[in-house]
Amino acid sequence: MNTHAYDLPILVTGAAGRIGSVGRTVTDLLLRGGFKVRAHVRVDDDRAASLRDLGAEVVVGDLLDLMAVHRAMEGCERICFTMAVSPSYLEAATNVAVVAKHHQVKAFVNLSQMTVKEMDIFNTTASPQQKQHWLAEQILTWSGLPVVEVRPTAFMEGLFLQSTKTVSLQDKIMAPFGTGKNSAIAAVDVARTIAAILSDPAAHIGKTYHLTGPVSQDMKAVAREFSEALGRTISFVDVPLEAMKQQLTTFGMPPHVISHVATMAQLHQDNRYDRHSDDVERLTGISPMSVKEFVKRNAAAFAAPLPSS
């Protein structure tokens, strides 16, 4: 039931992620708030069907196709641009920006990355993805669009869910993160923040928000939160970065993604993820999820195997 006067659909790109993804969760939260949502997906599959079941209007198309972007955006004044790690990210972001300019969009919420805060014309990182995020922000600034930049730090899903097997079988978080700290954030907290902005964007136009979890801590402290959540002792084991890269290559991960993941690991070792912001609580009124709560919510994935009979 609508509890507000706004009646136009809000466009959310990258909405086809699985449960827990930012785009899908933003879609769900806006629908629950009584807004109409146009969910953009690249492929009409079971994920698109689940969005329809939620009540979203689903539009299918490739963001690299200008006409597909026009079809997605026509009739929308508020948009949320999210997109998975991809070598084509910058082209897609530029397409969305120029089409948004054409359609005179009133609020453009861009899901970027917090590492962009540390980049400038002389300094980027070894990750082509992070550089593309920085370039996309420059384009959006030049465009004159009514932009809101949302820059989350590293996601808990990316940092921790890749360790489910070693936690389950060996009670160990094995990652090349060294002694550096992180303030990882859960995707749902990023989505809550974006949904709050899109619900009433006027006061946010032109602003940049940095999103983190509730505390910045090293991986030994993270392991303690895992232990408290799971009721058994979990330890952190630092592993060589090259070993992780070789493993990802063996798994068939694309080079662009490997480069991004490896850069994030190196930045973590260099303590570049030691950050903290209260923007999530300030914008939503609710503190971001702790590692302990995140692990509890995903306890089944980290559960120790049952003893064989």
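A salt bridge is a side-chain nitrogen of Lys or Arg within 4 Å of a carboxyl oxygen of Asp or Glu. The model shown is predicted; local features need pLDDT of at least 70, side-chain atom pairs count only at pLDDT 80 or more, and totals for chains, interfaces and linings use all residues. Residues are numbered from 1 along each chain as its sequence is written, and side-chain values use heavy atoms, without hydrogens and water.

**View 1. Salt bridge between Glu-137 and Arg-151.** The N to O distance is 2.6 Å. Glu-137 belongs to helix H5 (residues 128-143) and Arg-151 to strand E6 (residues 147-152), so the contact ties together parts 14 residues apart in sequence. (Helices, H or I with at least four residues, and strands, E with at least two, are DSSP runs numbered from the N terminus.) Glu-137 is buried at 5% relative accessibility, and Arg-151 is buried at 12%. (Buried means under 20% relative accessible area, exposed over 50%, partly exposed in between, with a 1.4 Å probe and protein chains only.)

**View 2. Salt bridge between Lys-36 and Asp-7.** The closest N and O atoms are 3.4 Å apart. Lys-36 lies in the loop between helix H1 (22-32) and strand E2 (37-41), and Asp-7 in the segment before strand E1 (10-12), so parts 29 residues apart in sequence are tied together. Lys-36 is partly exposed at 42%, as is Asp-7 at 44%.

**View 3. Parallel pairing of strands E7 (residues 172-175) and E11 (residues 235-238).** Four bridges join the two strands, where pairing requires at least two DSSP bridges. Phe-236 is the bridge partner of Ile-173.
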